[in-house]
Amino acid sequence: MSEQMPYWQALNRSLDTALSADEAVFVLGEDVGLYGGSYRVTEGLYAKYGEWRVRDTPISEGGFTGLGVGAALVGMRPVVEIMTVNFALLALDAIVNMAAKIPFMSGGQFPMPLVVRMPGGVAKQLGAQHSQRLEQTMMNVPGLRIAVPATPQDAWWQLGQAIRSDEPIVLLEHELLYFSKGSVDMQAEAPPMHRSRVHRRGRDLTIVTYSRMLDVSLQAAAHLAEEGIEAEVIDLRSLRPIDWDGCMASLERTHRLLMVEEDSRFAGAGAEIAAGLTERCFYSLDAPPERVAGREWPTPYNSTLETMSIPRPADVAEAARRLCRT
Amino acid sequence: MDRDRQRAMLRDMLLARAFEERAAEEYTKGTIAGFLHLYPGEEAVAVGVLHACEPSDYIVSTYREHVHAMVRGIPPRSVMAELFGRRDGCSRGMGGSMHLFDRERRFMGGYTIVGETYPVAIGIGYAIAMRQLPEAVICFFGDGAVNQGTFHESLNMAALWRLPVLFVCENNHYQIGTEAHRHSAVTEVYKRACGYHIPARRVDGMAVLAVHAATRVALEQIRSTGMPYLLECETYRFRGHSVADPGSYRPKVEVRSYKEQDPVTLAIEETLPHYPLPEEIAAAGPDVIAGLAGRMSELGHLSEAELKHLQEEVAEVVEDAAAFAAASPEPTEADLEAYMNCNRRDEVLIR
């Protein structure tokens, strides 16, 4: 049975379920406790589970993310919330040098059931230091897994799967998705955590995308359909590993790839995905892959310029038309 | 302290010195590569601290950790094999000199990014406090590591949430080549703890019994109050920062003066029979006569012959460790893949 709920609430339910199922699970981060989380994700959990299970931390991203690593080494299941992805730069040592490497460099001796959640993306005029997409920074780190839920259903599924996994997992959430609603079936069996999902079927081109750009791509696909262009839209759901087979199956039918990402174009997630799919499907492609991505700017505060800095449905549709003409 | 414990500590110090000198030799032969940070001069810290802990305590260490690992009980064979990058190393050849791990012995790793040991230690401390166990975490770091943000972040959280962590500063006065007065506005590390209401103490890190006694006090206090504690051990490394460093920035007279306080020599002297002259006893005053007498009977049990035997025994252990390491196979790509995916269990990621 499914329920309509916003993305933040799906995450909240997922945390609640995990906290009640396993005493090793604890949540920590800035204002996750008494305050309930900047995006309400931990609302009500402090009252229910107490301060040791839902821990308000000082503003010490490097320190408390590293604390999560230490706790994971001895079998706890920490869920670290970093208030925004921008602050995660201060915690990269714990994520990249520690969490991703300890199980490996110890010769496979230690578990690392660490989850680090971080909201990111361009929201509404938050300025250059609060509007980044840093997925490419972590995609290049062997030993990490990265999930990017785009819907409330995936938020529910993927957070739960991440907490149950013994591997270190980064969950990239999007600030503009927290209050978007969708139906969530809490009884339904989850697909594998890193499998992509086809959101719209089409024969003319394949749009590969993730996170909030799924919605932008679906809007573009609706416009294109009016013009007779049928776009298939795939939500990657994961940036490491990538579901290459899922994308390839689609490209074998459509023969055209359009990669859509909010991240900056240069050396962004889309560069790797376009390159990886080109290597795999070169002889099936009827045209060079196209990429629609964020501009090479720090995000401007000015609203008009900010809107221009990331892909809009019209940009996606335009690239799709161009691609289908070649 | 009982005779066996003292003798065990002496043996560990002798082993430490012999092992590290052998490692340096192997490095020049090319059997060990990469960065190699040796411990001679600082033995009293690892031995004094780790002999005062329980097997249930956790150890988090730095990149200068061969001796911590061995005193903790990791066999010299598997430490040497790790230095050689072999499959029988304690990290299966994946870690190397700077990343020794042993889960069973609660040796939670050597870390190379200066300042990483604190958050790992408080994380383990958090788990202990949450589960209300009588365990503690020993967190090693150097004087150069106290200017990283994680030092302050972690001391703050440790005090705020009362985490059972013993922060042990191995203050050898140099951050690679930069002397403490050139890297720290406050060079007495223990004083920094008061900013976080953490009890702290400085001890002579060249004197193993003093380090041991101070650690016992610290751990008792941690276990009874739940508060963390900081112990600063003033010590000295006789060699450069790593084998690639000749240490030429240090005045020769300084190196020589510390060598006169060589903890290994001092420990040997402590255990050799030394009967005070009547004048010495008289000068000590009546109160300490009983103490001195007790000390004599404690210390009078190690003869020159026994000392020689100990030295020969550790030389054999080191020889055996090097032979074992040389004979150990190289890890394979399949081993590597298995370590990479050691936590995958039966999880299906995509299909």
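Here are some notes on the two-chain model above.

1. **Ground rules.** This is a predicted model, in which local features need pLDDT of at least 70, side-chain atom pairs count only at pLDDT 80 or more, and totals for chains, interfaces and linings use all residues. Residues are numbered from 1 along each chain as its sequence is written, while chains are lettered from A and ligands numbered from 1 in the order in which they are written.

2. **Chain A overall.** Chain A has twelve helices and 14 strands; helices (H or I, at least four residues) and strands (E, at least two) are DSSP runs, numbered from the N terminus. Its radius of gyration is 20 Å, close to the 20 Å the globule rule gives for 326 residues, so chain A is as compact as a globular protein of that length. For reference, the radius is taken over C-alpha atoms, and the rule is 2.2 Å times the number of residues to the power 0.38. The C-alpha trace of chain A spans about 60 × 45 × 45 Å along its principal axes.

3. **Burial and contacts in chain A.** Of the 326 residues, 59% count as buried. Buried here takes 20 or more other C-beta atoms within 10 Å of the residue's own, exposed takes 12 or fewer, and partly exposed is in between, with C-beta atoms placed from the backbone. Among contacts between residues at least 6 apart in sequence, 79% join residues at least 24 apart; a contact means C-beta atoms, placed from the backbone, within 7 Å.

4. **Chain B overall.** Chain B comes to 15 helices and eight strands. With a radius of gyration of 21 Å, close to the 20 Å from the globule rule for 351 residues, chain B is as compact as a globular protein of that length. Its C-alpha trace spans about 85 × 50 × 40 Å along the principal axes. Buried residues make up 48% of the 351 in chain B, and 75% of the contacts with a separation of 6 or more are between residues 24 or more positions apart.

5. **The interface.** Chain A puts 39 residues into the contact and chain B puts in 38. On the chain A side, α3, α4 (92–99) and α5 (102–105) each supply at least two residues, and α3(A) gives the most, with ten. By class, that side has 21 nonpolar, 13 polar and five charged residues. The classes are: Ala, Val, Leu, Ile, Met, Phe, Trp, Tyr, Cys and Pro nonpolar; Asp, Glu, Lys and Arg charged; the others, Gly among them, polar.

6. The axes of α3 (residues 61–73) of chain A and α6 (residues 149–160) of chain B come within 8 Å and cross at roughly 65°. Axes are lines fitted to C-alpha atoms, for helices over the stretch in contact, and angles run from 0 to 180 degrees between N-to-C directions. The two helices are therefore roughly perpendicular; that label covers 65 to 115 degrees, with under 35 roughly parallel, over 145 roughly antiparallel and the rest oblique. On the α3(A) side the contact is made by A:Gly62, A:Gly63, A:Phe64, A:Gly66 and A:Leu67, and on the α6(B) side by B:Gly149, B:Thr150, B:Glu153, B:Ser154 and B:Met157. That comes to three nonpolar, six polar and one charged residues.

7. **A helix pair inside chain B.** Helices α4 (residues 76–83) and α14 (residues 304–327) of chain B pack at about 45° with axes 8 Å apart, which makes α4(B) oblique to α14(B). Residues meeting here include B:Met80 and B:Leu83 from α4(B), and B:Val317 and B:Phe324 from α14(B). This contact has ten nonpolar, no polar and two charged residues.

8. **Helix α4(A).** Its buried residues are A:Asp93, A:Ala94, A:Ile95, A:Met98 and A:Ala99. Their packing partners include α3 and α5 of chain A, together with α5 (117–131) of chain B.

9. **Backbone spots to look at.** A cis peptide bond joins A:Arg240 and A:Pro241, with omega about 0°; A:Pro241 is in the loop between β12 (238–240) and α9 (244–254) of chain A. B:His197 is not a glycine but has a positive phi of about 55°, and B:His197 is exposed, with 12 other C-beta atoms within 10 Å. B:Arg345, also not a glycine, has a positive phi of about 50° and lies in the segment after α15 (333–340) of chain B.

Note on methods
Two residues are in contact if their C-beta atoms, placed from the backbone, lie within 7 Å.
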